[in-house]
Amino acid sequence: MRKVILFNMISLDGLFCGPNGDLEWHRVDDEFNDFAIQQLDSAGGLIFGRVTYGMMAAFWPSEYALQTDPNVARRMNGMPKIVASRTLESAGWNNTRLVKTDISAEIFRLKQQDGGDLFVFGSANLAATLIRDGLIDEYRLMVNPVVLGAGRPLFEGLDRPLEFVLSWTRVFGNGNVLLVYRAGGGR
């Protein structure tokens, strides 16, 4: 059975983007890129919400991405992808399938299949739906050593407390700290 893994970069104050959706504060370097490649190599597919899909689909197939980060670009462009959107008419990025209705049912179905784990990158609205429906198995939170003070929290709009079990951690040379939690837990 496949797992669904949510990966997001967050600030020390728990925000995944700044006030205008900005992400310039992300600390990305060669060590991070090596980690990203390891994640992509273990993935069976990527899941995006409409907004994150739009950003990724505009960037990774671009000449700039192919020239400046060919290893990640090749993986991102070749990987099977799902975009959840009720408003998109089509999804033109290579190997992308559009799901317009009941994304939770589709993800539940995909989790029952054999294959590599499914990763959700960014996609806060989609993540909130999948969290609410109990479909996220693992949370990989890359904490950047910055306080934004304003922006959008990762765990916005929850209607109940969530508990996690710490699986492992990793400290990066640039000050980022990866925290990996399994869903569930308890006292």
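Q: Why is the meeting of aspartate 159 and arginine 160 called a salt bridge?
A: Their side chains come to 3.3 Å, N to O. A salt bridge needs a side-chain nitrogen of Lys or Arg within 4 Å of a carboxyl oxygen of Asp or Glu, so this pair qualifies. This is a predicted model: local features need pLDDT of at least 70, side-chain atom pairs count only at pLDDT 80 or more, and totals for chains, interfaces and linings use all residues. Residues are numbered from 1 along each chain as its sequence is written, and side-chain values use heavy atoms, without hydrogens or water.

Q: What makes aspartate 159 buried, partly exposed or exposed?
A: Its relative accessible area is 61%. Buried means under 20%, exposed over 50%, and partly exposed in between (1.4 Å probe, protein chains only). Aspartate 159 is therefore exposed.

Q: What makes glutamate 156 and arginine 152 a salt bridge?
A: Their closest N and O atoms are 2.7 Å apart. Glutamate 156 has a relative accessible area of 38%, so it is partly exposed. Arginine 152, at 25%, also counts as partly exposed.

Q: How many salt bridges does the whole structure hold?
A: A search finds ten. Lys3, Glu138 and Arg140 are linked in a network of them.

Q: What makes a set of residues a nonpolar core?
A: Members are buried Ala, Val, Leu, Ile, Met, Phe, Trp, Tyr and Cys residues, joined through side-chain atoms within 4.5 Å. The largest such core has 28 residues. Phe7, Leu46, Phe48, Trp60, Met76, Phe121 and Met142 touch the most other members. Elements giving two or more residues to this core include strand E1 (4–11) and strand E10 (177–183). H1 gives the most, with five residues. A second, separate core of 18 residues includes Ile47, Leu126, Ile136 and Tyr139.

Q: Which residues does leucine 46 touch?
A: Contact means heavy atoms within 4.5 Å. Residues up to four places away in sequence are not counted. Among the partners of leucine 46 are Leu40, Met76, Ile82 and Phe121.

Q: Which residues of helix H4 (residues 70–78) are buried?
A: Val72, Ala73, Arg75, Met76 and Asn77 are. The buried residues of H4 pack against several elements, including helix H1 (30–42) and strand E6 (117–121).

Notes
Helix = DSSP H or I, 4+ residues; strand = E, 2+ residues; numbered from the N terminus.
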